[in-house]
Amino acid sequence: MAKKRVVIVGGVAGGATCAARLRRQDEDAEILVLERGPYVSFANCGLPYYVGNVIQEESKLLLAWPSLFRERFDIEVRTRNEVLAIDRTASTVLVRDLETGREYSEPYDALVLSPGASPIRPPWPGIDLPGIFTLRTIPDSREIRHWIDEKKTRNAVVVGGGFIGLEMAENLAHRGIAVTIVELANQVMPPLDPDMAEYAKQRLESRGVTLALADAVSKFGQRSKGGLSVHTKSGETYNADLVVLAIGVRPETALARAAGLELGERGGIRVDRQMRTSDPRIWAVGDAVEVRNRVTGQWELIPLAGPANRQGRVAADVICGLDAHFDGVLATAVCGFFGLTVALTGATEKSLRRAGMADFESIYLHPGHHVGYYPGAQTIHLKLLFRKSDGLVLGAQAVGEEGVARRIDVIATAIQMKATVFDLEEVELCYAPQYGAAKDPVNMAGMIAANVVRNDAQIAPWNELDSTGAFLLDVRQPSEFDAGSIPGSVNIPLGQMRSRLGELPTDREIWINCGVGQRAYYACRILSQHGLQARNLSGGYSTYRVFHS
Ligand code: FAD
């Protein structure tokens, strides 16, 4: 039988994974990887840290190289070879060798597209001035490093306050550069809910990063004394020796579009559960494809390394005749900057509303990452979203200095397994004083949410606080209340609650807050059992402060 010939376009996360998996499944296949750039299988995710000199040697960014693919896997990799077109009738791709300019065609039995996504570079006036960079490849990061060293960069503007923008901000600051972030949204990290993004904002500001939120670049100019000026729609001007554009990426679909492959509503290549495009002999994976969100069911573009790797593996298995499938994403992501970790998984309040899903509730909690009596406990700010009718876990966001990623990973696994808040209550996680608590933050989140689903303790909606006619009750100690409280709230410490029930109204709801939500929950239980209509302001005064900062 003739050997199967698989051609792969793009040799980094999705493409390289696919190639290696193919070989493991089929020792006879001919596998050819065509990569436009000078490297295959490099660590895009490490690039900001190379700019920041945290990773000091460029070679550390290379995870594999053509000779290794040949020797270890018998895979042919041609770098600096760009695929220009797909001829679906002839089952060939047209390739240009970028070193020699020679064009040639290569036949395929199966074709895998993993061309990734390119950084967005809008046609703003001045966008092509020297000193304005995007970051996608090793040469990009090398150029930025070189620019910083050569120009003795002191000020930088990062356009875009998402994951890559914030990683760049930290790494530039690490090089002693003053950073301004210009962000179109009125929050940093737009995938997060605004309340959770507030912690990130506070950390950036406390570390000297200037934030220009709800603003947008209108044009760039060249200053007479050297350097750039960044003009924004609000009329501000920021001087910068360096500008990094981090305003998102656009799936590379030119090849697929020209070949007549189906594209989706979000502009990515449309694939089925087997990563097959509308042509049964062509697969597509990674940043270039649209994926279904497992929670909302919506098509999304999720440019993350984990899904790209898993999709590459699925495509390889299917090409080799196995019944593999990719069932969507949770968009589980983590980002660290200035000592803070921000992570999320599944749906956010924003994405649920966008998807028209109204049956959900959110709770907040602020536990330590390990028990308080062991030195060094750091607060984790955690928001959990769940279906109110049955407790199905829908999403979580967490911010803190320690233990954040671990909790989000547990919840991501739970969502994937279609767990409920009752499962989170029960989940048995490892515990010793320096690692966690006998009631881990994940258990605590499950318990608080389960109380809501069981109707043991109702949650008051934070976003209605300013307009509510409810009686606002603060059950903290007077010293805590005096240091700051919700305007209009009345202080009755938890310890006096049973003896002062007569001071509480019976004809309207009572919304209760404490420091982080625990004492308010106890108060809720006392009041409910006395026939009063009590609700907990979830997360207490700690949550209030981020909503009203
Ligand atoms: P890529 O890895 O981008 O590979 C696509 C390759 O295809 C490119 O090398 C390109 O040159 C090549 N190509 C394109 N067109 C052609 C053509 N016509 N012919 C030949 N070759 C072609 N994700 C995370 O999960 N966590 C992180 O911390 C993280 N950090 C990141 C930091 C940065 C700075 C960047 C840029 C990305 C980061 N990502 C991160 C995203 C992650 O790197 C991508 O999701 C992942 O690499 C996508 O894999 P891919 O195979 O689809 O595309």
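Reader: What covers the buried residues of α3?

Author: First, the basis. This is a predicted model, in which local features need pLDDT of at least 70, side-chain atom pairs count only at pLDDT 80 or more, and totals for chains, interfaces and linings use all residues. Residues are numbered from 1 along each chain as its sequence is written, and side-chain values use heavy atoms, with hydrogens and water left out. Contact means heavy atoms within 4.5 Å. Helices (H or I, at least four residues) and strands (E, at least two) are DSSP runs, numbered from the N terminus. The cover of the buried residues of α3 includes α1 (13–25) and β3 (76–79).

Reader: Which residues of α3 are buried?

Author: Buried means under 20% relative accessible area, exposed over 50%, and partly exposed in between (1.4 Å probe, protein chains only). In α3 (residues 66–73), the buried residues are Leu-68, Phe-69 and Phe-73. They fall within an arc of 100° seen down the axis of α3, so they line one face of the helix. That arc is taken from the directions from the helix axis to the C-beta atoms. Just after α3, Asp-74 has a positive phi of about 55°.

Reader: What is the strand order in the open sheet of 5 strands?

Author: Two strands pair if DSSP finds at least two bridges between them. Here the order is β9-β16-β10-β11-β12, with parallel pairing. β9 (132–133) and β12 (210–212) are the edge strands, each pairing on one side only.

Reader: How many bridges join β10 to β11?

Author: The parallel strands β10 and β11 are joined by 5 bridges. Val-158 has Ile-181 of β11 as its bridge partner. β11 (residues 178–182) also pairs with β12 in the parallel sense, over 3 bridges. Val-182 stands opposite Ala-212 in β12. Of the 5 residues of β11, 4 are buried, so the strand is largely enclosed by the rest of the structure.

Reader: Is Thr-153 buried or exposed?

Author: Thr-153 is buried, at a relative accessible area of 7%. Thr-153 lies in the loop between α4 (138–151) and β10 (155–159). Leaving aside neighbours within four places in sequence, Thr-153 is in contact with Trp-147, Ile-148, Ile-177, Asp-241 and Leu-242.

Reader: Which residues make the nonpolar surface patch of about 340 Å²?

Author: Patches take residues with over 30% relative accessible area and no salt bridge; like charges are joined within 9 Å, nonpolar side chains (Val, Leu, Ile, Met, Phe, Trp, Tyr) within 5 Å. A salt bridge is a side-chain nitrogen of Lys or Arg within 4 Å of a carboxyl oxygen of Asp or Glu. Areas come from the Shrake-Rupley method with a 1.4 Å probe; for residues, only the protein chains shown count as cover. Tyr-373, Tyr-374 and Tyr-431 make this patch. Tyr-373 is exposed, at 59% relative accessible area.
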